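Please take a moment with the sequence and the structure below before reading on. The paragraphs after them are meant to be read with both in view.

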Amino acid sequence: EWTKEYRFLCAKRLIDGKRGLEMKRFEEVINDGTVGVYSDNELQALYRRMTGQNLEVKDSAKRAEAVSSVFKECDVDEDGYLNMREMKRIAVHIGFVGSDEEWREEYNE
C-alpha cells in the first residue's frame with residue numbers, strides 16, 4: 001500500500017522518487033490530502049513519537065512551523081530532501097511495519 005501511495009504522490013507532483021521530497025512538496029502533501037489528511041492532532045502525535053517532545057499547533061502559522069519541524073527532524077543529512085531512508089522514519093510512524101530490506105523494496109518499486 002505504501003508503494004502505491006508513494007508512486008501516486010511522485011507521479012502527481014512530478015517528483016523524482018529516487019531523490020525524494022523537498023520541504024515545499026512535503027508541506028503540500030501533508031496539507032492537501034494527497035496521501036491522507038493530517039489533522040493538527042495527528043501532526044503533533046507524529047512529531048511526539050519521533051522526538052518525545054510536544055509541538056504546539058493552534059493556527060495556520062503554527063501548523064506551517066509544525067510541518068517544517070517534522071521535515072527537519074527527518075532530513076538527517078540536511079540536504080533539503082527526504083530520501084528513502086529519511087522517508088522511512090515517517091512511514092514507520094504512520095503504520096509501515098517491516099525491515100530495512102522490505103522498506104527498500106517498497107520504496108524502489
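What follows is a walk through this model, from its confidence to a pair of helices and then to a loop and its surroundings.

The model is predicted, and the chain has an average pLDDT of 78, with 86% of the residues scoring at least 70. Confidence is lowest in helix H1, residues 2-13, where the mean is 70, and highest in strand S2, residues 81-82, where the value is 90.

Two packed helices are described by the angle between their axes and the distance between the axes. For helix H3, residues 40-51, and helix H4, residues 60-74, that angle is about 30° and the axes are 10 Å apart. Because angles under 35 degrees count as roughly parallel, H3 and H4 are described as roughly parallel to each other, and their crossing is left-handed. On the H3 side the contact is made by Asp-40, Leu-43, Leu-46, Tyr-47, Met-50 and Thr-51, which meet Arg-63, Ala-66, Val-67, Ser-69, Val-70, Glu-73 and Cys-74 in H4. Of the residues in this contact, eight are nonpolar, two are polar and three are charged.

The loop between H4 and S2 contains Asp-75. Is Asp-75 buried or exposed? With a relative accessible area of 7%, Asp-75 is buried. When neighbours within four places in sequence are left aside, Asp-75 is in contact with Gly-80, Tyr-81, Leu-82 and Glu-86.

Glu-86 leads on to helix H5, residues 84-93, whose buried residues are Glu-86, Met-87, Lys-88, Ile-90 and Ala-91. After H5 comes Gly-95, which has a positive phi, near 125°.

Technical notes: Residues numbered from 1 in each chain as written. Predicted model: local features only at pLDDT ≥ 70, side-chain atom pairs only at ≥ 80, totals over all residues. Heavy atoms only, no water. Axes fitted to C-alpha atoms, helices over the stretch in contact; angles between N-to-C directions. Helix = DSSP H or I, 4+ residues; strand = E, 2+ residues; numbered from the N terminus. Parallel < 35°, antiparallel > 145°, perpendicular 65-115°, else oblique. Left-handed = near helix turned anticlockwise from the far one by under 90°. Contact = heavy atoms within 4.5 Å. Nonpolar A, V, L, I, M, F, W, Y, C, P; charged D, E, K, R; others polar. pLDDT = per-residue confidence, 0-100. Buried < 20%, exposed > 50% of the residue type's maximum accessible area, 1.4 Å probe, protein only.
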